[in-house]
Amino acid sequence: MNIEEIASEVSSSISLAKQIEPFSKRGLVLSLQEAYDVAGIVRQKLGQTEIIGRKIGFTNRNIWHIYDVDQPIWGPITKSSVSFFDSNFLKIDLSQFCEPRIEPEIVVCLKQTPKDGSENTEIYLDWICLLYTSPSPRDGHLDRMPAYD
């Protein structure tokens with residue numbers, strides 16, 4: 001399977017909100033760069049939306065050996081992947097996702113974009129949002145609460 005075929009299968013899975021067998025269980029191993037390349041192709045296939053931020057994962061070095069990684073992994077946060085709301089409660093229908101995850105998140109919004117290579121270590125925060133995501137056993141929806149500015 002080549003990168004384009006993998007990206008097509010992932011794109012289809014996302015579009016149809018259907019799970020697929022993990023590629024690792026099929027004996028397919030991707031390098032970190034190949035995974036980034038697949039993600040880029042998937043974004044193109046799904047119709048790129050505005051990138052409004054970046055997500056960093058695998059920041060806990062104590063688990064890197066479990067997943068065979070040696071650095072944090074970055075990904076874009078797009079306008080279509082974020083739900084904005086005025087109150088501190090939002091229900092999200094999980095049926096629209098192929099692999100919903102339940103986890104706490106911290107979102108930090110900067111007042112301005114840092115310049116690449118800048119030696120200025122000051123960070124200007126606009127707001128911080130603390131989220132805790134959990135399933136609702138009543139109706140199969142995801143309840144997000146609380147969120148604070």
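Helices (H or I, at least four residues) and strands (E, at least two) are taken here as DSSP runs, numbered from the N terminus. With that in hand, the protein chain reads along its sequence as α-α-β-α-β-β-β-β-β, which comes to 3 helices and 6 strands. The model is a predicted one, so local features need pLDDT of at least 70 and side-chain atom pairs count only at pLDDT 80 or more, while totals for chains, interfaces and linings use all residues. Residues are numbered from 1 along each chain as its sequence is written, and side-chain values use heavy atoms, with hydrogens and water left out.

First, the overall picture. The accessible surface of the protein chain (Shrake-Rupley method, 1.4 Å probe; for residues, only the protein chains shown count as cover) comes to about 11400 Å², and 53% of that belongs to carbon and sulfur atoms. Of the 149 residues, 17% count as buried, where buried means under 20% relative accessible area, exposed means over 50%, and partly exposed is in between (1.4 Å probe, protein chains only). As for contacts (heavy atoms within 4.5 Å), take those in the protein chain with a separation of 6 or more: residues 24 or more positions apart account for 52% of them.

Now for the inside. A nonpolar core is a set of buried Ala, Val, Leu, Ile, Met, Phe, Trp, Tyr and Cys residues joined through side-chain atoms within 4.5 Å. The largest such core has 7 residues, namely Ile6, Ala7, Val10, Phe23, Val38, Ile41 and Val42. Helices α1 (3-16) and α2 (32-46) each supply at least two residues of this core. Leaving aside residues up to four places away in sequence, Ile6 touches Met1, Phe23, Leu28, Leu30 and Val38.

Charged pairs come next. Side chains of opposite charge can pair when their charged atoms come close. Counting a salt bridge as a side-chain nitrogen of Lys or Arg within 4 Å of a carboxyl oxygen of Asp or Glu, the tally is 3 salt bridges. In one of them, Lys45 pairs with Glu4, and the closest N and O atoms are 2.9 Å apart. Since Lys45 lies in helix α2 and Glu4 in helix α1, this pair ties together parts that are 41 residues apart in sequence. Lys45 counts as partly exposed, at 39% relative accessibility, and Glu4 is partly exposed with a relative accessible area of 39%.

Glu9 and Arg26 also meet through their side chains in a salt bridge, at 2.6 Å from N to O. Here the link is between Glu9 in helix α1 and Arg26 in the loop between α1 and α2, 17 residues apart. Glu9 is partly exposed at 21%, and Arg26 is partly exposed at 33%.

Lys79 forms a salt bridge with Glu50, with 3.8 Å between the closest N and O atoms. Lys79 sits in the loop between β2 (73-78) and β3 (90-93) and Glu50 in the loop between α2 and β1 (51-57), so parts 29 residues apart in sequence are tied together.

Finally, the surface. Patches are made of residues with over 30% relative accessible area and no salt bridge, with like charges joined within 9 Å and nonpolar side chains (Val, Leu, Ile, Met, Phe, Trp, Tyr) within 5 Å. Ile106, Val108, Leu110, Leu125 and Ile128 form a nonpolar patch, together showing about 410 Å² of accessible area. The elements giving two or more residues to this patch are β4 (104-110) and β5 (125-135), and β4 gives the most, with 3 residues. Leu110 has its place in strand β4 and counts as partly exposed, at 31% relative accessibility.
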